[in-house]
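Dear colleague,

I am handing over the structure we spoke of, with the sequence beside it.

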2 protein chains.
Amino acid sequence: MDLKSLIRHARGDEPADVLLRNARVVNVLSGEIVPASVAIAGDFIVGIGEYPAKHEVDLRGSFVAPGFIDAHVHVESAMVPPAEFARAVVPRGTTTVVTDPHEIANVLGLDGIRFMFESAKYGPLSMYVMASSCVPATTMATNGAALHGYDLFPLKSDPWVLGLAEVMNFPGVVRGEDSVLEKIGAFRDRPIDGHAPGVSGRELQAYVAAGITSDHESTTAGEALEKLRLGMMVFIREGSAARDLDALLPLVTSATQHRFCFCTDDCQPADLVERGGIDHMVRRSIAAGVDPVIAIRMATWNAAQHFRLSHRGAVVPGRRADLVVFDDLRAPSPRLVYRNGQLVAQDGRMVVPPRPPSRSLRGTMNVAWDAVDFGMRAEGRRARVIGVQEHQLVTRALVDEPPVIEGFACADPARDLLKVAVIERHMASGAMGRGFVQGIGLRRGAIASSVAHDHHNLVVVGADDRSMMTAARRVAAMQGGMAVCEGDGVVADVPLPLGGLMSHEPVEVVHHQVAAAVTAARGLGSPLHDPFMTMGFLALEVIPALKLTDQGLVDVDRFERVPLWLRC
Amino acid sequence: MDLKSLIRHARGDEPADVLLRNARVVNVLSGEIVPASVAIAGDFIVGIGEYPAKHEVDLRGSFVAPGFIDAHVHVESAMVPPAEFARAVVPRGTTTVVTDPHEIANVLGLDGIRFMFESAKYGPLSMYVMASSCVPATTMATNGAALHGYDLFPLKSDPWVLGLAEVMNFPGVVRGEDSVLEKIGAFRDRPIDGHAPGVSGRELQAYVAAGITSDHESTTAGEALEKLRLGMMVFIREGSAARDLDALLPLVTSATQHRFCFCTDDCQPADLVERGGIDHMVRRSIAAGVDPVIAIRMATWNAAQHFRLSHRGAVVPGRRADLVVFDDLRAPSPRLVYRNGQLVAQDGRMVVPPRPPSRSLRGTMNVAWDAVDFGMRAEGRRARVIGVQEHQLVTRALVDEPPVIEGFACADPARDLLKVAVIERHMASGAMGRGFVQGIGLRRGAIASSVAHDHHNLVVVGADDRSMMTAARRVAAMQGGMAVCEGDGVVADVPLPLGGLMSHEPVEVVHHQVAAAVTAARGLGSPLHDPFMTMGFLALEVIPALKLTDQGLVDVDRFERVPLWLRC
């Protein structure tokens, strides 16, 4: 709608398309609930109050608030592409997300980011992108692409790109490494998201001085307060793994409430389907005693303000008509969701026709099968073993003596000593890391997955080589995904053919497929709540202590590769 | 300072230039007073806490806050150019101003705006500019330049230009006039300042829908609340004429405090010298019961956030070291002022050498003297008379019968009926408006000035033609200014050779010159507090009811020119 027409509607000289009558408007600017009607024309809110309209909806006293904004989310973690992600979150009131597509970018680089735009465009969810800053995370693993400042610079002129995504390489920032500063420099004076778990004192000050404007990694109020005091916007995160809401809410006061946004970061299909995202955070905040208008402000205006989304985040004339309608201010559950003035969801379901499925991506499972060999010649007696811990990304660096048969070291499922392999799957380079893991708990069979942060190589854990090969091949045959195998048989699988990360199926189907795969893995003996998630993170070489990549074992504390076998 | 060096200082690996020790830091983000030291390197704050430094200043518990930001000011109203304006406001803690140079722009167009930059550059005050949107204000007066969207567009790429200045033509916005929308369109998604006195309801909604993001014209809490609810940032104004602080402060609550900035709009030399600007507003707010940190937040962070000045407005690493130091949190009076890390003022005085005087401007008093004639042939019996009211810009439309001698209508000072003339002084067109005014109160002599909003033609009020001619010629001879004359003699004058608006003298000198001129005018019989200010506004053809321009009398309510003489 052009400006002139917008003004004409706001004057009331031309009838609005829709008038939401008898609403109680949540005014996140004045902190009030204001009884009023809301006039919508085209994509925009054009007036608050009585207006002539072509169509009226009597809300009978329901509340109208701005659509929710997720300030930081990796859509890929939901294992579905943006179009399907939208179908999951929009009915729950999230109309805008700020995403870092760094999972797909680690697989397919800029092509991967373009795919995310492709899947989001003209859909019912406004998807903004922060340019991924850490692709790859390190040089101790092979991933599918490398994005330097040179590559990110063109993204600046895309109106859907707001800034630079979480700069996870905080040591690089604090040390002033050129390659990191180049990226930060490219996005100077734009929002630059931070990722500084536990960083404090002068290191944090250096990180902030570099121009990082937010952080979503605080797990304690003290940590968040230090960041807030230094000028960072605190994104409170309630994801599937990391849940920080309870710990951080006590910091929200009338003095500080303008310095918080809500984000989900990583949300698995199960939580997306059963729990909710930002809507869940709003309800929990209110239940914890936060004033409802403040809770909604954190979920809307604060993020719009932070990211300079000047047409979103408030129910005022001239802003986009992204609105949620709900009945209970103590526990807002969106009954109606408007996006760009159109009713897109009602009673938890989309009411607009689904978009055609996302165009597929080219296959990304490029494995040099000739080089894939799970055999591990015993080059010593004592081997390094990754000790996984449930509900933690941090592993322990253990040492054990695996059984040796005919010169080859073997798994010993009886004492939970399993083999683990990470097979490079982007360049068909033949690179493959091999090691041992304790804590997965399979008694027999193997599990494999192409979801392995951040390089997303093919990771396999198993009790025997044959099962491991079956699982690895099954994942590759699906062009990515998760598999549970025993011997030559496939017990369960989850196809994730989009970059090896995302499915073509509806999120509910993926949720059930994943649940079935987890159940199958538990059937093979694993006591873990989610052995796939645990396995996925044992290949993440930026989190202590001992990890495995396609390049071999990594001692993260020393930040270098180490051999499997100890000398003595 | 490059990013790498900034980071090195923030780490503490390189000593800071200055460490402000034993400070109590006003943290406008957390709402706290935090005892700490502040490390400065180059232009920037590099750390909060203990840092190695080349030089230490023991503040002994003094408070450190961000430098104040004036969100909207016409520097020209102080009758001195930016360099001298800086000398007046910086010692009082204002380190950044957002200006609309529309007075000088009405005289000299883009050249006038460039002069303001020229005078401000590399000085101790950061002067940002909003592109003047209303040059000229109307077509019912002749001014010195016309700035269309076409002319403003190039300003967008100037890093010191933040957005579009107050769109005073609110009827034009509400009616959707192309010439106004062109300017708004050019600054889409940038801050666009509003000017909507008393505008309400659907008209206000149309104004907001057009993209206007702030307003500084609210004089009542009700008016400001309506604007705040609709999404406008409310600039609370405390200028020399308009003083809205007391009326609006009751609106400032913990819920709304993030929606207010402070501004002075128009500040005369007297107030600049004797009262203060933003510092005065901070003190008065606190005295009125506003929490000191909130008062300071409105004077700093809120404006920085609104104008996207991402390097100002908070005492945190990576922001510019614009700081004020004061001892009394209940009545902050800056004792030390740092700007870009340098101590620039102490105990109310600048401590850095003055900048060389601003380069002069070409003369702007271009009057066709042959056409200047104060004689007014009586073309009727009853004449329209402008009735001025002290302390109000609004005039009354009166009717009176002036005495007529030899066919010419004359002033009648005995009953306060004076002649008024507005002489076009930009293009030497010979245009001249003539009329009568009641309320100025001169018993004899005349006063003249080249400061006459917004066209700044030469306005003269007098008891006789000879005195009026003397005064007009005196102003022109000074290349602009104010004069008080009687017969052929000059009783007092104020030279304002810079565009006819600003002086080369220090602001204290201008203050005394103006005071002397006012005293002289009062000596000639005027009972007004400031007859020059009253006279200056009787030529402003956008404020009701009856005004005079070089084109003649204007009935502002009808928004058209009207003849001096009534028909019957």
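What follows is an account of what was found, going from the relation of the chains to single residues.

Please keep in mind throughout that this is a predicted model.

The two chains

Chain A can be laid on chain B by a turn of 180° with a shift of 0.0 Å along the axis, and the RMSD is then 0.1 Å; that is the relation of a two-fold axis. Within chain A, the C-alpha that lies nearest the axis belongs to S254(A), at 2.7 Å from it. The same surface serves both copies, since 100% of the contact residues of chain A recur in chain B.

The nonpolar core

The largest nonpolar core has 336 residues, and the members that touch the most others are F85(A), I236(A) and I440(A), together with F85(B), I236(B) and I440(B). To give one example, and leaving out residues up to four places away in sequence, I236(A) touches D244(A), L245(A), L248(A), L249(A), V252(A), F260(A), C261(A), F262(A), C263(A) and M281(A). In the other chain, F85(B) is one of the buried residues of helix α2(B). That helix, which spans residues 82-89 of chain B, is mostly covered, with 6 of its 8 residues buried; besides F85(B), the buried ones are P82(B), E84(B), A86(B), A88(B) and V89(B).

A sheet in chain B

Chain B holds an open sheet of 8 strands with parallel pairing, in the order β6-β7-β8-β9-β10-β11-β12-β13. Its edge strands are β6 (68-73) and β13 (260-263) of chain B, each of which pairs on one side only. Strands of a sheet pair through backbone hydrogen bonds, either parallel or antiparallel.

Although β6(B) is an edge strand, β6(B) is mostly covered, with 6 of its 6 residues buried.

Cysteines

How many disulfides does a search of the whole structure find? Over all chains the search finds 0 disulfides. C267(A) is in no disulfide, and the nearest cysteine sulfur, that of C263(A), is 10 Å away; C267(A) is itself buried, with a relative accessible area of 2%. C485(A) is likewise in no disulfide, the nearest cysteine sulfur being that of C410(A), 20 Å away, and C485(A) counts as buried at 0% relative accessibility.

H9(A) lies in helix α1 (residues 3-11) of chain A and is buried, with a relative accessible area of 6%. Leaving aside neighbours within four places in sequence, H9(A) is in contact with M1(A), E14(A), P15(A), A16(A), A41(A), V46(A) and Y51(A). With P15(A) there is a polar approach, in that the backbone oxygen of P15(A) lies 3.4 Å from a polar atom of the side chain of H9(A). The C-alpha atoms of H9(A) and F44(A), which are 35 residues apart along the chain, are separated by 9.9 Å.

S503(A) is found in the loop between β28 (489-495) and α15 (507-523) of chain A, and P497(A) lies in that loop too. S503(A) is buried, with a relative accessible area of 1%, and a polar atom of its side chain lies 2.8 Å from the backbone nitrogen of E505(A). Apart from neighbours within four places in sequence, S503(A) is in contact with M79(A), V80(A), P81(A), P495(A), L496(A), P497(A), L498(A) and V510(A).

Is P497(A) buried or exposed? With a relative accessible area of 19%, P497(A) is buried, because buried means under 20% relative accessible area. Again leaving aside neighbours within four places in sequence, P497(A) is in contact with M478(A), Q479(A), G480(A), M502(A), S503(A) and H504(A). The C-alpha atoms of P497(A) and G480(A), 17 residues apart along the chain, are separated by 5.0 Å.

With best regards

Conventions
Residues are numbered from 1 along each chain as its sequence is written. Chains are lettered from A and ligands numbered from 1 in the order in which they are written. This is a predicted model: local features need pLDDT of at least 70, side-chain atom pairs count only at pLDDT 80 or more; totals for chains, interfaces and linings use all residues. Side-chain values use heavy atoms; hydrogens and water are left out. A nonpolar core is a set of buried Ala, Val, Leu, Ile, Met, Phe, Trp, Tyr and Cys residues joined through side-chain atoms within 4.5 Å. Buried means under 20% relative accessible area, exposed over 50%, partly exposed in between (1.4 Å probe, protein chains only). Contact means heavy atoms within 4.5 Å. Two strands pair if DSSP finds at least two bridges between them. Helices (H or I, at least four residues) and strands (E, at least two) are DSSP runs, numbered from the N terminus. A disulfide is a pair of cysteine sulfur atoms within 2.5 Å. Copies are superposed by least squares on the C-alpha atoms of residues with pLDDT of at least 70 in both. A polar contact is a pair of N or O atoms within 3.5 Å; within protein, one must be able to donate a hydrogen and the other to accept it, and residues adjacent in sequence count only if both atoms are side-chain atoms.
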